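Trainee: I'd like to learn how to read pockets, cores and ring pairs in a structure. Could you walk me through one?

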Amino acid sequence: MTWNGDAFGGTKLAVHCGPDLLVYLRDDKPDIPHPGTWDLPGGEREPGEDPPTTGLRELHEEFGLMLPAERVENLTCYPSASGLPTWFGTLEITRSEVKSVRFGDEGQFWLLMPIHAFIEHRLASAALRTRVRNAWQL
């Protein structure tokens with residue numbers, strides 16, 4: 001799907017290395033959304049950003065990876081409870097890129113989790129589990 005310039009709230013990316021997703025365990029603070037849950041790179045849009053740019057900026061802030069927009073695939077727009085739609089895409093990284101991850105200051109820790117395990121994990125949001133399932137047609 002192609003972005004038509006409409007307003008959107010943010011972008012999440014299912015960054016994967018083969019059969020594994022790059023995930024992180026969110027901080028367990030009561031004042032943040034979804035504390036203590038497994039999450040994917042991404043977040044809120046900043047002014048002037050398109051969906052891939054939002055996701056890639058967040059990937060850089062959260063994991064230290066700088067990757068080109070051409071690597072973002074399967075962009076899909078989803079409705080959101082906040083009113084503004086959100087975007088979801090996939091991005092494959094190499095083992096070398098995994099080794100260059102520099103985890104930021106959001107979250108407790110990161111790991112590579114098998115895609116199937118994320119889809120079934122009770123500490124991953126239902127919306128993200130569905131989006132990952134849809135992206136891999138599982």
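Trainee: Which residues lie nearest the centre of the largest pocket?

Mentor: Keep in mind that this is a predicted model. Rolling a probe the size of a water molecule over the atoms shows where empty space is left. Here the largest pocket has a volume of about 880 Å³, and Lys12, Arg26, His34, Asp39 and Gly43 lie nearest its centre, among 31 lining residues. The lining divides into nine nonpolar, 12 polar and 10 charged residues. Elements that each supply at least two of its residues include β1 (10-17), α1 (51-63) and β6 (86-92).

Trainee: How many residues does the largest nonpolar core have?

Mentor: In soluble globular proteins, nonpolar side chains tend to be buried together. In this model the largest nonpolar core has 18 residues, and Leu59, Leu65, Leu91 and Ile93 have the most contacts inside it. β1, β2 (20-25), α1 and β6 each supply at least two residues of this core. A second, separate core of 15 residues includes Leu21, Leu25, Trp38 and Ile119.

Trainee: How many aromatic pairs does a search of the whole structure find?

Mentor: Six. For each pair, look at the centres and then the planes. The rings of Trp38 and Phe109 have centres 5.6 Å apart and planes at 85°, so this pair is edge-to-face. Trp38 lies in strand β3 and Phe109 in strand β7, so the pair ties together parts 71 residues apart in sequence.

Trainee: Is Trp38 buried or exposed?

Mentor: Trp38 is buried, with a relative accessible area of 8%, while Phe109 is partly exposed at 37%. Elsewhere, ring pairs link Tyr24, Phe63 and Phe103 into a cluster.

Technical notes. Residues numbered from 1 in each chain as written. Predicted model: local features only at pLDDT ≥ 70, side-chain atom pairs only at ≥ 80, totals over all residues. Heavy atoms only, no water. 1 Å grid on protein atoms, 1.4 Å probe; cavity = no way out; pocket = protein on both sides within 12 Å on 5 of 7 lines; lining within 4 Å. Points joined across faces, edges and corners; volume = space filled by probe spheres on them. Helix = DSSP H or I, 4+ residues; strand = E, 2+ residues; numbered from the N terminus. Nonpolar A, V, L, I, M, F, W, Y, C, P; charged D, E, K, R; others polar. Core = buried A, V, L, I, M, F, W, Y, C linked by side-chain atoms within 4.5 Å. Buried < 20%, exposed > 50% of the residue type's maximum accessible area, 1.4 Å probe, protein only. Phe/Tyr/Trp six-rings, centres within 6.5 Å; stacked < 30°, edge-to-face > 60°.
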